[in-house]
Amino acid sequence: MRKKRWVAVLAAGMLLLSGCGRVVNQPVKSVKIGISVYDQYDTFVAQMMTAFNLYATKKQEMTGITINVEIYNAAGSQSTQNEQVESMIEEGCNVICVNLVDRTDPSTIIDTAEKNNVPVIFFNRELVEEDLKRWDKLYYVGAEAFESGIMEGELAAAAFAEETGFDRNRDGIFQYIVLEGEVGHQDSIVRTEYSVNTIIQQGVPVEKLGYAIANWNRAQAQTKMNQLLEEHGDRIELVLANNDDMALGAIDALKAKSIPRKDWPAVVGIDGTDVGLEAVRSGELIGTVYNDKEGQAAAMLELAYTLSTNGDMKTVDMLDGNTIRLPYIKVSARDAKEFTPPGAAGY
Ligand code: BGC
């Protein structure tokens, strides 16, 4: 352990000598950004990382400063992620971006970062406010979960009002099931609550038939949807999925059971991933809510770049000096054909 720390100190010293960003007045020639994701196979996170890499390359071309990006997969283990953060710091990363495995357990990472004075940008999996406030070099980049729930609810309520075919038993009530993301993830809890409440507020009575946890995952959602279909059959008129991958898992189950399209329930997702948007365009999903992965990736890169080059933090637009949230966008089947993701300003 002691030896490792010496390596870290030496690495920082060399960075100083070669002017790599820790000292004011030294021209910065290169920066190193370390990233750890909770699961590299998560569709949304993977697409966000693709955008991040692309913008880092563009930023390098625009500024002439070398930007090294290293992405590690924590593969669902918080202790693996803690170790990854420690070694990224030892390797001399100027800033670390963390997509927490367990959003309630950032303590080890915060302690390690603070001890070594390396800023941390948490993203997508939101830590609680008290943790974010533990040190003044901790940041969060994400979105406001409740917004996406409201938009998903609006999409469902509109489908019920416009397309009477979804009220198959004609009782004037939308019978629904929910496919939920991971237990404890801010987006699972909040999206479910707000989408259901919004449907009710829009004047559509609802009845919950059941729910299942499918951990954001398409294959798990297909299995769970199969079980829910066995149990409730064609009484299911609406599938509220906490993300597009699970909405698509529900569609996979409907297809695998050879249920004719005209008898499908309304299925709605959140994210607007490439496959999700495609499914809205083809009419398989009644809509989705765009989770601005490009905006989040660009905001994270700008913040990481500013921190690592000792740039002017006043140029970074943040809430409470530590949080950046990008807005969601509602995408109905009608909007989907013309919808183009907002992209990231400046890239
Ligand atoms: C996304 C999900 C993703 C999850 C991972 C959510 O914001 O909507 O698709 O699986 O983040 O943390």
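Reader: Hi! Where is V331 found?
Author: V331 is found in strand β12. Strands (E, at least two residues) and helices (H or I, at least four) are DSSP runs, numbered from the N terminus. This is a predicted model, where local features need pLDDT of at least 70, side-chain atom pairs count only at pLDDT 80 or more, and totals for chains, interfaces and linings use all residues. Residues are numbered from 1 along each chain as its sequence is written, and side-chain values use heavy atoms, with hydrogens and water left out.

Reader: Thanks! Is V331 buried or exposed?
Author: V331 is buried, with a relative accessible area of 0%. Buried means under 20% relative accessible area, exposed means over 50%, and partly exposed lies in between (1.4 Å probe, protein chains only).

Reader: Which residues does V331 touch?
Author: Leaving out residues up to four places away in sequence, V331 touches L155, L277, V280, G287, T288, Y290, A336 and F339. Contact here means heavy atoms within 4.5 Å.

Reader: And how far apart are V331 and V280?
Author: They are 51 residues apart in sequence, and their C-alpha atoms are 8.2 Å apart in space.

Reader: How do α9 and α10 cross, then?
Author: The axes of α9 (residues 244-256) and α10 (residues 274-281) come within 9 Å and cross at roughly 50°. Axes are lines fitted to C-alpha atoms, for helices over the stretch in contact, and angles run from 0 to 180 degrees between N-to-C directions. The two helices are therefore oblique to each other. Angles under 35 degrees count as roughly parallel, over 145 as roughly antiparallel, 65 to 115 as roughly perpendicular and the rest as oblique.

Reader: Which residues make that contact?
Author: D244, D245 and L248 of α9 meet V275, G276 and A279 of α10.

Reader: New topic! What about α2 and α11?
Author: The axes of helix α2 (residues 43-63) and helix α11 (residues 293-308) come within 8 Å and cross at roughly 45°. That makes α2 oblique to α11. Among the residues in the contact are F44 and F52 of α2 and M300 and L301 of α11.
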